[in-house]
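Please read the following explanation with the sequence and the model side by side. It goes from charged pairs to a helix and then to a set of strands.

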Amino acid sequence: MTGRESPCSRPVTGTLRINGRERSISLEPSRSLLEVVRDELGLTGTKYGCGEGVCGACKLLVDGVAVRSCLTPVGEVVGRSVTTIEGLAGDGRLTPIQQAFLDEGAFQCGYCTPGMIVAATALLAQNPQPSEEEILSAMQGNLCRCGGYPRIRAAIRRAARGSSAPPSGDR
Amino acid sequence: MTPTPGSVPFDLVEPAARPYFDRWGPGLVVYRPAQPAGSGGPPHGGAWVHVGEDGRVRAFAGKVELGQGVTTALTMLVAEELKVLPASVDLILGDTDLTPWDIGTFGSRSMADAGAHLRAAAAGALQFLRRWAAERLGVEPGSVRLDSGRAMAGEGATARSIPYAELVAGRSRIEPVPSESHPSPPAEWSVAGRPASSRDGAKVVTGAVRYTSDLRLEGMLEGAILFPPTFRSTLRSLETRAAESIPGVTVVREGGFVGVAAPDRATARAARGLLRAEWEVPEAPGEDGIVEYFRTHPKPPDDHWDLDRYAVGDPAAARGASAIALEATYTTAYIAHVPLEPHAAIAEWVGERLTVWIGSQTPFRVRAALARTLGIPNERIRIVVPPTGGGFGGKHAEELAAGTARLARASGHPVRVTLSREEEFTQTYLRPMAVVEIRSGADRDGRLTAWECITWNAGASAIRTPYRVDHQRVENRPTDSPLRQGSYRALAATANNFARESQMDELAARTGVDPVEFRRRSLDDPRLRAVLDAVAARAGWTARPRRRGPRSGPSTGRGIALGLEKGGRVATYVEVEVTASRTVGIGRIITAYECGAIVNPRHLEGQVEGGTIMALGGALGEAIHFDRGRILNGRLSAYPVPRFLDVPPIEVLLLDRPDLPSAGAGETPLIAVAPAIANAIDDATGERIRHLPLLPGGRLPTGARATDFATPKN
Ligand code: FES
Ligand code: FES
């Protein structure tokens with residue numbers, strides 16, 4: 001846990017590079033990155049789901065790696081590059097993964113979707129052609145309570161294929 | 001959306017007095033009045049449709065979108081009936097100021113209720129458009145063609161067309177649905193019935209959707225509620241001084257409610273931590289005593305849902321005379337909804353008028369509850385339901401709305417309350433635990449002779465058997481619950497169906513008849529036969545009697561179950577693999593589902609898939625553990641909901657019946673999953689498990705065998 005109440009946590013000013021922009025914030029190093037991103041920077045695409053690292057709704061990218069922001073003290077990412085779901089699409093153009101989620105209808109309530117897309121982005125960046133097992137183990141930390149798993153898998157496969165084929169039938 | 005102070009909710013004024021045209025400009029409005037609860041007759045929601053001179057169609061219904069795809073499906077129905085493109089329809093849901101009254105979004109009623117009324121209103125509006133177009137074009141109404149928002153007459157060079165916008169320009173007509181209006185038969189649908197992707201999808205994938213927990217108002221404070229240790233606890237004393245000494249903190253105690261508001265969440269929670277409360281905590285049973293507690297603590301039924309009781313013939317005598325007789329008790333655990341977005345609400349008072357944004361399935365019920373609790377009339381309350389991260393029957397949210405409104409009133413600021421995951425587990429309500437006792441009989445030919453079913457603490461849904469049997473008795477017995485309980489996606493139907501379909505397999509095994517064949521012999525409903533046959537065919541089911549008796553070592557098995565509820569018919573087939581260490585892998589699931597005319601196959605398939613996965617959780621591992629009224633595992637890390645690796649390949653077979661009205665798909669697809677798995681486990685191991693979850697702690701329970709052969713009569 002983040003030890004939010006830790007006595008040595010005193011406000012400092014730090015610079016975060018968020019979605020390509022330098023943001024200088026006054027921060028307590030032990031506050032969670034999730035709180036800072038949502039409440040201070042107003043980037044609400046990153047979600048709270050459990051606060052204990054087991055749902056993946058709060059995932060964002062730190063230097064390209066998917067990180068659970070609820071467990072990450074903001075002090076740890078000072079000076080590093082953070083990308084939230086809002087920062088993935090450049091000039092209004094969806095990334096292939098976002099497009100694949102859309103094409104496969106890979107969400108119902110959509111609350112898990114940002115975390116899913118972030119996790120999938122990190123996976124494909126590191127392993128562009130993952131096997132089915134690799135997809136499953138990379139995504140196992142992300143929960144979808146609406147039961148969207150088959151379509152999310154299909155979306156990730158589709159993005160990996162880089163194809164514009166019609167929605168795959170094999171789920 | 002911003003509140004409009006001083007406005008009056010549309011549903012509380014006469015249709016002719018509603019300011020439709022002030023808000024959306026001139027045009028045509030056709031409405032179907034709602035029938036609110038308590039007004040005589042079964043309550044149902046209403047609908048209205050506004051065709052504007054700006055070329056837009058606005059359709060209003062009192063349902064809410066919880067991710068089940070109702071927005072898309074209803075939009076398609078309106079587009080279909082009005083012959084416009086779906087993109088020109090704005091569907092307005094979940095706002096008590098603007099939409100017709102509605103009982104709530106649960107019970108898979110959205111399509112049957114809002115869908116039917118919206119279709120009627122849209123079809124009614126089309127009649128007026130047709131008539132006006134005929135006058136303008138100088139032809140008979142019957143020869144006007146309507147398509148893509150235009151009315152047309154003539155052919156080839158003489159063809160003329162007028163857009164709807166022009167037909168309604170300058171008008172302010174408000175009409176009830178004409179009695180001769182007939183929505184088009186599903187077999188003729190061109191928009192509805194085809195796959196459509198969700199509107200606003202681009203917002204979802206870019207993180208731009210604003211759920212209640214994402215909204216922020218100017219000057220808003222964060223609230224935290226002091227919850228009691230158990231739900232029956234009462235507050236004895238409260239010391240607030242330390243909390244109140246924090247700058248910016250307001251402490252509110254009104255009736256049983258205690259909460260704080262503060263400039264940020266950390267301060268609000270810290271202030272709450274400084275409250276010194278003493279509670280009176282009454283005795284309550286733990287898990288060991290719970291079944292006995294239910295049997296000995298009856299409660300009067302809440303409403304007509306609870307009231308099912310049915311008897312015909314003499315089941316006891318018939319059973320006594322049967323070659324085969326069985327008796328067994330089935331139980332299902334308390335489970336939690338775990339919507340991925342925990343409950344959230346924002347309340348703001350502007351003058352005397354209150355607006356609450358809340359993820360709720362029942363905004364009109366929330367409004368009524370607020371009126372009661374706060375002592376203000378309905379007219380002064382607006383409930384808005386923003387996009388909501390899952391409900392599953394768990395988000396009625398009346399108390400949260402009231403608490404948030406109290407904090408806002410006392411602090412003089414808008415206040416937001418978002419529950420933590422732990423609070424979501426321990427302070428909302430659970431799916432009831434159920435106890436179902438079945439006594440049945442069959443003859444040597446594998447025909448049912450007697451059926452008795454008594455259900456404690458689950459409810460009456462699906463308690464009646466769809467199988468033909470001359471002597472039967474079913475009875476639902478509402479009981480007191482030591483934990484707070486409430487609605488849940490397919491709650492009673494899951495319990496009653498689990499018990500019935502398990503017992504059917506147990507009977508089949510004892511008669512030596514193949515379980516599919518055994519069901520067919522007593523099944524009259526052709527739609528149930530159709531889903532059963534569809535699943536059996538896809539699975540390549542070949543008849544053989546259920547294997548009996550215990551086996552050990554790794555083995556595989558197959559199971560089938562069916563169910564009928566809320567107008568939908570479902571059959572589920574499951575294959576399992578049991579390992580030597582008694583873990584169970586689900587190899588494959590096939591679900592056939594039929595719910596009348598299909599409006600949006602893509603969403604329907606997603607609903608069936610998602611429902612099947614949710615049902616897997618309750619079937620395999622989910623259970624709330626408790627002792628003396630306290631919940632012991634109220635954390636996501638201690639409560640196993642299905643994840644990627646838990647989900648086997650799922651095949652969904654949708655049976656389309658364009659000749660039948662559309663029913664919902666939010667619940668019924670769940671109800672055959674658990675019994676199909678229990679039946680497959682029995683097929684593989686010879687062990688009959690009669691308790692959900694089937695695999696507590698991830699493994700087959702030991703001792704299951706003992707219960708298997710202890711209870712049956714032979
Ligand atoms: S909120 Fe961070 S993993 Fe759940
Ligand atoms: S779409 Fe609702 S949690 Fe995944």
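A residue is called partly exposed when its relative accessible area falls between the limit for buried, under 20%, and the limit for exposed, over 50%. The structure discussed here is a predicted model.

With those limits in hand, take the pair B:Asp54 and B:Arg58, whose side chains meet in a salt bridge with an N to O distance of 2.5 Å. B:Asp54 has a relative accessible area of 44%, so it is partly exposed. B:Arg58 is at 10% relative accessibility and therefore counts as buried.

Another salt bridge of chain B joins B:Arg145 to B:Glu155, with 3.5 Å between the closest N and O atoms. B:Arg145 belongs to strand 5 (residues 145-147) of chain B, while B:Glu155 sits in the loop between strand 6 (150-153) and strand 7 (160-163) of chain B, so this pair ties together parts that are ten residues apart in sequence. The relative accessible area of B:Arg145 is 35%, which makes this residue partly exposed. B:Glu155, at 58%, is exposed.

A:Arg80 is partly exposed, with a relative accessible area of 35%. A:Asp63 is also partly exposed, at 45% relative accessibility.

Salt bridges can also join into a network, and one such network links ten residues of chain B by name: B:Arg295, B:Arg309, B:Arg319, B:Glu327, B:Glu437, B:Arg439, B:Glu452, B:Arg473, B:Glu475 and B:Arg477. Over all chains, a search of the whole structure finds 69 salt bridges.

The next element is helix 4 (residues 132-139) of chain A, whose buried residues are A:Ile135, A:Leu136 and A:Met139. These residues cover an arc of only 95 degrees around the axis, which puts them on the same side of helix 4 of chain A. An α-helix has 3.6 residues a turn, so residues three or four places apart point the same way. What do the buried residues of helix 4 of chain A pack against? Their partners are helix 3 (113-126) and helix 5 (149-161) of chain A. On the face turned away from the buried side, helix 4 of chain A carries the exposed residues A:Glu133 and A:Ser137.

The last stop is strand 24 (residues 568-578) of chain B, which is mostly covered, with nine of its eleven residues buried. Strand 24 of chain B pairs with strand 23 (residues 555-565) of chain B in the antiparallel sense, over eleven bridges. Within this pairing, B:Val576 of strand 24 is the bridge partner of B:Gly557. The two strands form a hairpin with two residues between them, and B:Lys566 in the turn has a positive phi of about 50 degrees.

Strand 24 of chain B also pairs in the antiparallel sense with strand 25 (residues 584-594) of chain B, over ten bridges. Here the bridge partner of B:Val574 is B:Ile589 in strand 25 of chain B. The hairpin of strand 24 and strand 25 of chain B has five residues between the strands, and B:Arg582 takes a positive phi near 65 degrees.

Technical notes: Residues numbered from 1 in each chain as written. Chains lettered and ligands numbered in written order. Predicted model: local features only at pLDDT ≥ 70, side-chain atom pairs only at ≥ 80, totals over all residues. Heavy atoms only, no water. Salt bridge = Lys/Arg side-chain N within 4 Å of Asp/Glu carboxyl O. Buried < 20%, exposed > 50% of the residue type's maximum accessible area, 1.4 Å probe, protein only. Helix = DSSP H or I, 4+ residues; strand = E, 2+ residues; numbered from the N terminus. Arc of directions from axis to C-beta. Contact = heavy atoms within 4.5 Å. Pairing = 2+ DSSP bridges.
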